[in-house]
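Let's go through this one together, feature by feature. Ask whatever you like about how to read it.

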Amino acid sequence: MRTVAVVGASLAGLSAARALRDQGYDGRLVLIGDEPHRPYDRPPLSKEFLAGRMDEADLALETETDDLDATWILGTAAAALDPGERAVRLGDGRTVRTDAVVIATGAAARTLPGTERLSGVHTLRTLDDARALRADLAGAERLVVVGAGFIGAEIASTARALGLHVTLVEPAPAPLAAAIGAEMGAVVAGLQAGQGVEVLCGTGVREVTGTTRADGVILTDGRRVPADVVVVGIGARPNVAWLAGSGVEIADGVLCDATGATGVPGVVAVGDCAAWFDPAGGAHRRVEHWTGAARRPAVAVRALLAGASATSGSSGSDVRPPEPPYFWSDQCGVRIQFAGRTGPGDEITVEEGSLADRSFVAVYRRGDRPVAVLGIDLPRPFTRWRKRLAAEALQSAAP
Amino acid sequence: MIPACPLRSLPRGEAFRLDAEPPIAVFHTEDGQIYAIDDTCTHQDASLADGWLEGCEVECPLHASKFDLRTGQVDAPPAKLPVRTHRVVVEDGTIFVIPSEAPANLPPGVGVRPQGAA
């Protein structure tokens, strides 16, 4: 293998490039990114960066000791993948010839249809998005956040701390309900309300009003909420359109096995755009968490390098299954940490601390088996549970 | 030299957060060694005393950066800068820490409170 192209230059792409060098790949390495920026950390965009406590230099992901010896092509999106020709075609017409490809093109924020013509309506995904939102919030008094997932709930919390009047609108029964379940989501709703955010759950947004600039929203129940700024945080869709016709199988993301390998030899996928097979759940799942983007590329690169040398005897059978998903969220002055996966019917017990103190560890069980853990401001016992879940996942995957 | 805690109150595998300025984490490894490093991860605000101790290495409880307790060096990203190490002395059953005089690598947005401030 003489050239590897990593398509996507954010956390997953950078982590893949590092893994390639760490695992001994010494050929040509090309990183392709659609944004003009060097790799930067996205989680602070809704928190410290939005609040003005971090600046752009603080977001840089590369370190002084990174010695990737890579060619960077930034500010140009990949337009097509041609495995037959072994080439990545770029939006500006250039072509990068390569022997292997790491797909790390991430995801793009979903938007509300019909809001394109209005100023004052934001999504938050990129540094440029965050700059624009930060500038717009500086002159605003009322913010409506549509969607109480991580990004929406964090922006609501940050903006409230900046002194804005904030309304958080969520069709589900509670914030973060998809990730941590409605029961614990209700605890987060309490935290949000406690710091003065108006939380409206169980209702969606019918329309964003305004002529040239947004001036409010109309909810599905008919209520009107005035706003100077509207943030739409309703999830993300994987950036995979460029793979059409490549032979790489696409569903909700790039379909991969449990090591990140696609059905096309020499092509793996990592990060938000990738739907790895999850042996525990028996299905492909996209994981949009920072930790997955940071840690899974090492697994995928191992598979990629093993595949390249498969004829010389390496089977890749020692590849470990991915660890349970982990994420954190800082909001309302507390640190929320979650590991594993929860579904309807899981039984939740508080193992340490108490809900009343807003400091606890809760374990989710399916039958007798712990499947997930939530920690609020108790990182030490949370980490022990997280490690235990990872060890059990590894054990249950052992032959 | 700052008294941290009695040796017997810090079993092997445990950590103690010393409320210095900035805070210091004292670790008792499974091998019986005692090390002290800055408690605050250099990447983002998290207490390393709450981290996962394995051998002579601690993993940050937030983003899994790893630091070598002996040198303070980063063993795994996302942290970019080392933590300071501090000398440890055990006398009459008490663990004492002699704080480093080097400047601390605190994460963005985390400042050192001036001496005497609340």
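Q: Let's start with D69(A): is it buried or exposed?
A: The general idea is a set of cut-offs on relative accessible area: buried means under 20%, exposed over 50%, and partly exposed in between, with a 1.4 Å probe and protein chains only. D69(A) counts as exposed because its relative accessibility is 64%. Bear in mind that this is a predicted model: local features need pLDDT of at least 70, side-chain atom pairs count only at pLDDT 80 or more, and totals for chains, interfaces and linings use all residues. As for bookkeeping, residues are numbered from 1 along each chain as its sequence is written, chains are lettered from A and ligands numbered from 1 in the order in which they are written, and side-chain values use heavy atoms, with hydrogens and water left out.

Q: Where is D69(A) found, and what is its phi?
A: Most residues other than glycine have a negative phi, and most peptide bonds are trans. D69(A) has a positive phi, about 45°, and is not a glycine. Its place is the loop between α3 and β3 (71-74) of chain A; helices here are DSSP runs of H or I with at least four residues, strands are runs of E with at least two, and both are numbered from the N terminus.

Q: What about the phi of L176(A)?
A: That one is positive as well, near 55°, and again the residue is not a glycine. L176(A) sits in the loop between β11 (165-170) and α6 (177-180) of chain A. It counts as buried because its relative accessible area is 3%.

Q: How far is T95(A) from L176(A), in sequence and in space?
A: They are 81 residues apart in sequence and 42 Å apart in space, C-alpha to C-alpha. T95(A) belongs to strand β6 (residues 95-97) of chain A, and it counts as partly exposed because its relative accessibility is 34%. Leaving aside neighbours within four places in sequence, T95(A) is in contact (heavy atoms within 4.5 Å) with A87(A), V88(A) and R89(A). With R89(A) there is also a side-chain to side-chain polar contact at 3.3 Å. A polar contact is a pair of N or O atoms within 3.5 Å; within protein, one must be able to donate a hydrogen and the other to accept it, and residues adjacent in sequence count only if both atoms are side-chain atoms.

Q: Which peptide bonds in chain B are cis?
A: Two to look at: E21(B) to P22(B), with omega near 0°, and P77(B) to P78(B), with omega about 15°. P22(B) is in the loop between β2 (14-18) and β3 (24-28) of chain B, while P78(B) is in the loop between β8 (74-76) and β9 (85-91) of that chain.

Q: How do I read a helix, say α1(A)?
A: An α-helix has 3.6 residues a turn, so residues three or four places apart point the same way. Next, check the span: the expected value is 1.5 Å times one less than the number of residues. Helix α1 (residues 11-22) of chain A has 12 residues and reaches 16 Å from its first C-alpha to its last, close to the 16 Å expected. It's mostly covered, with 11 of its 12 residues buried. Those buried residues pack against β1 (3-7), β2 (28-33), β3, β7 (100-103) and α8 (290-308) of chain A. After α1(A) comes G24(A), with a positive phi near 95°.

Q: Which residues of α4(A) are buried?
A: L127(A), A130(A), L133(A), D136(A) and L137(A). They pack against several elements of chain A, including β10 (142-146) and α5 (150-161).

Q: How many residues are in contact between chain B and chain A?
A: 20 residues of chain B touch 23 of chain A. The buried area, meaning the accessible area (1.4 Å probe) that two parts lose on being put together, summed over both, is about 1900 Å², with carbon and sulfur atoms giving 50%. In chain B, W52(B), L62(B) and K80(B) lose the most area to chain A, together 30% of what that side buries.

Q: How many salt bridges are there between the two chains?
A: The count is 4, where a salt bridge is a side-chain nitrogen of Lys or Arg within 4 Å of a carboxyl oxygen of Asp or Glu. One of them pairs D50(B) with R380(A), the closest N and O atoms being 3.2 Å apart.
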